[in-house]
Amino acid sequence: MTRTDNGLATRVAVTVWPGTDPRLLRTTEGTESEDHAAYVESGGYQYLDHPDALLEEVDRSGLQGRGGAAFPLAVKLRTVRDAGRGVGTVVLANGEEGEPASIKDRWLLRHRPHLVLDGVRLAARIVGAARAYVYVSDVHAVRALGAALDAAPPLDVAVEVVMVEPGYVAGEETAAVRAVNGGPAKPTDKPPRPFHEGVAGLPTLVSNVETLANLPFILRHGSDAFRAYGTSASPGTFLATVTGGGRPPRLYELPYGTPIAELLAHHQVSTETLKGVLMGGYFAGLLNREVLDSTLDHESMRRLDSGLGCGAVAVIADECPVAVAASVMAYFDRENAGQCGSCFNGTAAMSAVTDALRLGVATGDDLARLQRWSVVLRGRGACATLDAATNVAASLLRAFPTDVARHLAGECEVCGTHPYSAVRPYEVEAVS
């Protein structure tokens, strides 16, 4: 659900893209969790004879991470397996959905916990892990997982659910490892990376729950079937949360390569009033109307200096892009881990400038500083929060120069009549 201005909640519907057989979403929109019998009847929990053969199929499938970085899963699996020979390994399924504009992971955990657990046990078999953790910050997901674990067959791996307080940085891989190890859910310096030294000091596979939820399909149907949808470089389907544009939020399962204009038309968003989108959650920044000529895949987003991130697409229509950027930047300022001076001070400084710009009191020198910070602060800090902030700053200046100029002159009519401000812009909550 998403919170409306009057504090009420509206249901988030789910949609499988027309002409696409669902792999992750169910075609029904019930609020109940899929039960064990139904999952087994659909082909779940199949016996795995040869883990190495499945790893080769995963490699051929081209399955990439759905948590934001799009890193090839087969490379992660192989690295952890090889690093753990003789010492042991751990699997950490990351379902701590830190992006407020995304609901995909919480939906899977609440409604398809057996699919997630099946993916966890297959990953554990591949890397040789005896222990696995499902890392979440949603109490409804904890309940669904607990019921699923009670009903599931022996999984060949001990699975524990770890719950933490939600937070933007809590889902970062080293923060997840640190929390499972008993510390705060905050990032640590790298190296070491979790695939070398993670939970309990062992090589650890940290992978997003949507990513792992694709493994049962590959086991049952193979890599060629997996590649039946998508593009050659971005194969398969993915979950996209679409919000904004005056429409109720919706969760889609889309083939990679779907034209953005088609998605927005299906979502009943008028392209006439579209100003742009906040792409990939908060991380990838803002895009203007040029996004209408693009498709939803990693290679196309890279050409726009953007990214799919967690698959969230927030429509900017009636809102002013400057005000949206200022709200997102203020969120980063509040949510940074407070551990790195460059991030703590950098997000605060960029938030101050974008807020001044929103209010029409920024100067040309302020904008020059913002432009410089968007370059020199990139890559600093223990996690990617500062990178996300620099992405928002750089993309605002690059994609919306006319809106920035209006604000610099104090002449934005949109902000003068109905200014946009949100503590968690485009926030969406999954149906319980």
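Visitor: Hi! Before we start, where do the domain bounds come from?
Guide: Hello! The domain bounds come from an automatic or database domain assignment. Keep in mind that this is a predicted model.

Visitor: Good to know. Which domains does the assignment give?
Guide: The assignment gives domain 1 (35-228), domain 2 (239-316) and domain 3 (321-417).

Visitor: Let's take domain 1 and domain 2. What separates their centres?
Guide: Taken over C-alpha atoms, the centres of domain 1 and domain 2 are 26 Å apart.

Visitor: And how many residues are in contact there?
Guide: On the domain 1 side there are 15 residues, and they are in contact with 13 residues of domain 2. The two domains bury about 1200 Å² between them, with 64% of that on carbon and sulfur atoms.

Visitor: Which helix gives the largest share of the domain 1 side?
Guide: Helix H4 (residues 104-111) does, with three residues. By type, the side of domain 1 that touches domain 2 has seven nonpolar, four polar and four charged residues.

Visitor: Back to salt bridges, then. How many are in the whole structure?
Guide: The search finds 21. One of the pairs is Arg 78 with Glu 56, where the closest N and O atoms are 3.1 Å apart.

Visitor: What does that pair tie together?
Guide: Arg 78 lies in helix H3 (residues 73-83) and Glu 56 in helix H2 (residues 51-61), so the pair ties together parts that are 22 residues apart in sequence.

Visitor: Nice. Why can side chains like that pair at all?
Guide: Side chains of opposite charge can pair when their charged atoms come close.

Visitor: New topic: in what order do the strands of the open sheet run?
Guide: The order is S3-S9-S8-S14-S11-S12, six strands with mixed pairing. Strand S3 (13-16) and strand S12 (286-287) are the edge strands, each pairing on one side only.

Visitor: And S8 with S9, parallel or antiparallel?
Guide: Antiparallel: six bridges join strand S8 (residues 237-244) to strand S9 (residues 250-255). As an example, Thr 241 has Leu 251 in S9 as its bridge partner.

Key: Residues are numbered from 1 along each chain as its sequence is written. This is a predicted model: local features need pLDDT of at least 70, side-chain atom pairs count only at pLDDT 80 or more; totals for chains, interfaces and linings use all residues. Side-chain values use heavy atoms; hydrogens and water are left out. Contact means heavy atoms within 4.5 Å. Buried area is the accessible area (1.4 Å probe) that two parts lose on being put together, summed over both. Helices (H or I, at least four residues) and strands (E, at least two) are DSSP runs, numbered from the N terminus. Ala, Val, Leu, Ile, Met, Phe, Trp, Tyr, Cys and Pro count as nonpolar, Asp, Glu, Lys and Arg as charged, and the others, Gly among them, as polar. Two strands pair if DSSP finds at least two bridges between them. A salt bridge is a side-chain nitrogen of Lys or Arg within 4 Å of a carboxyl oxygen of Asp or Glu.
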